[in-house]
Amino acid sequence: MSAAPATEHRPSFFNFRNSIVLLGVVITTIGLIYFAFAFEDIISQWGRVIDFLLLAIIYISMGLHFASMETSPELLHARGWRWLRTTTAFYLLGIFGGGATVIAFLNVDALNRAIKLLVVVTLGLALILIAATRFGKGHGAAEQ
Amino acid sequence: MAVSRPLLVAVACMVLLLGSVTFEVVFHRTFTVEVHDAVGWQTVGSFGTGDKGLRAEPVLGTHAVTVNRSDNVEFRVRVDNAYPLAYSHSYVVGYQGINVGEGTLTAPARDVGTSSFTIPASTLLTNVGPKTDPRDNITFVYFDVRLGNIDVPASFQLQEVSR
């Protein structure tokens, strides 16, 4: 592969589409955090666990959906940021949602602390083992 | 745009999420703490009313509750249980780091439940917190009613009529 000439036209960091997608990611993240705190006197502890879990599934499903249909254009054409695509943005939101689910679960007072610890550690190990053994390399949208 | 299976899953989860949040907003419990004075029951604290911002906040009484030092101040904790399930939970009343009352609050499904408790006025008047002009004999009283993980803070003004 030949080196790119210095005068090569480089796309701007932001275009309209990417800006809107990034804005959506930021707004969704803010909404996630707001939901975690602002409704704590209305949404029950178990309700919050369920809601965060559903949010995480929604984000990951959307990531899978876009992974199967788009050409994965970069959202930011800056060095070190080329991994950020629509699919990875959804996966990241899914990870945030999953983390929020675990935190909400750990805050459920009705469960014994030992049980919560056991469930969380088992779930984490199971996710690692399943992902490492079942999904092959190059499976997923983060593939460059 | 083709409708893929992940998209269907996302839409289904979105419907479930909306249903879950709607259920919680419609069917939830609100807790209030009330003090009895000459006028009647006056709300001095609440939790779960949804209009108090991020945390439950005490409701400052509009006027002071007047007592003699030898009186017992009567309170009640009330739950408005909109859930289709009955509610029952023990509670403790914390005042300046000590438990000054306890009881059990119960409510049938989709109904209201109350539980009364008293605190001696002499205990409340020994509050080390802020006071107004000493000539008014008014003490600002702060305490908490804890029902498991729910903490209902309450505050009001207590005026001693005679020393």
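Me: Which residue stands opposite B:Asp80 in β7(B)?
Reply: First, the ground rules. This is a predicted model, where local features need pLDDT of at least 70 and side-chain atom pairs count only at pLDDT 80 or more, while totals for chains, interfaces and linings use all residues. Residues are numbered from 1 along each chain as its sequence is written, chains are lettered from A and ligands numbered from 1 in the order in which they are written, and side-chain values use heavy atoms, leaving out hydrogens and water. Strands (E, at least two residues) and helices (H or I, at least four) are DSSP runs, numbered from the N terminus, and two strands pair if DSSP finds at least two bridges between them. Here, B:Asp80 stands opposite B:Val112.

Me: How many bridges hold β4(B) and β7(B) in their pairing?
Reply: There are 10, in the antiparallel sense, with β7 covering residues 111-120 of chain B. β4(B), residues 72-81, also runs antiparallel to β1(B), joined by seven bridges. In that pairing, B:Thr30 has B:Asp80 as its bridge partner.

Me: Is B:His28 buried or exposed?
Reply: Buried means under 20% relative accessible area, exposed over 50%, and partly exposed in between (1.4 Å probe, protein chains only). B:His28 has 14%, so it's buried. You'll find B:His28 in the loop between α1 (5-26) and β1 (29-36) of chain B.

Me: What does B:His28 touch?
Reply: Contact means heavy atoms within 4.5 Å. Not counting residues up to four places away in sequence, B:His28 touches A:Ile42, B:Gly48, B:Asp80, B:Ala82 and B:Tyr83. The side chain of B:His28 also reaches the backbone oxygen of B:Gly48 at 3.0 Å.

Me: What area is buried between chain A and chain B?
Reply: Buried area is the accessible area (1.4 Å probe) that two parts lose on being put together, summed over both. Here that's about 1900 Å², with carbon and sulfur atoms giving 68%. On the chain A side, A:Asp41, A:Ile42 and A:His65 lose the most area to chain B, together 31% of what that side buries. The contact takes 22 residues from chain A and 25 from chain B.

Me: How many salt bridges are there between chain A and chain B?
Reply: A salt bridge puts a side-chain nitrogen of Lys or Arg within 4 Å of a carboxyl oxygen of Asp or Glu. The count between these chains is zero. As for elements, α1 (16-38) and α2 (45-69) of chain A each give two or more residues to the side touching chain B, and α2(A) gives the most, with 13 residues.

Technical notes. Polar contact = N/O pair within 3.5 Å; in protein donor to acceptor, adjacent residues only side chain to side chain.
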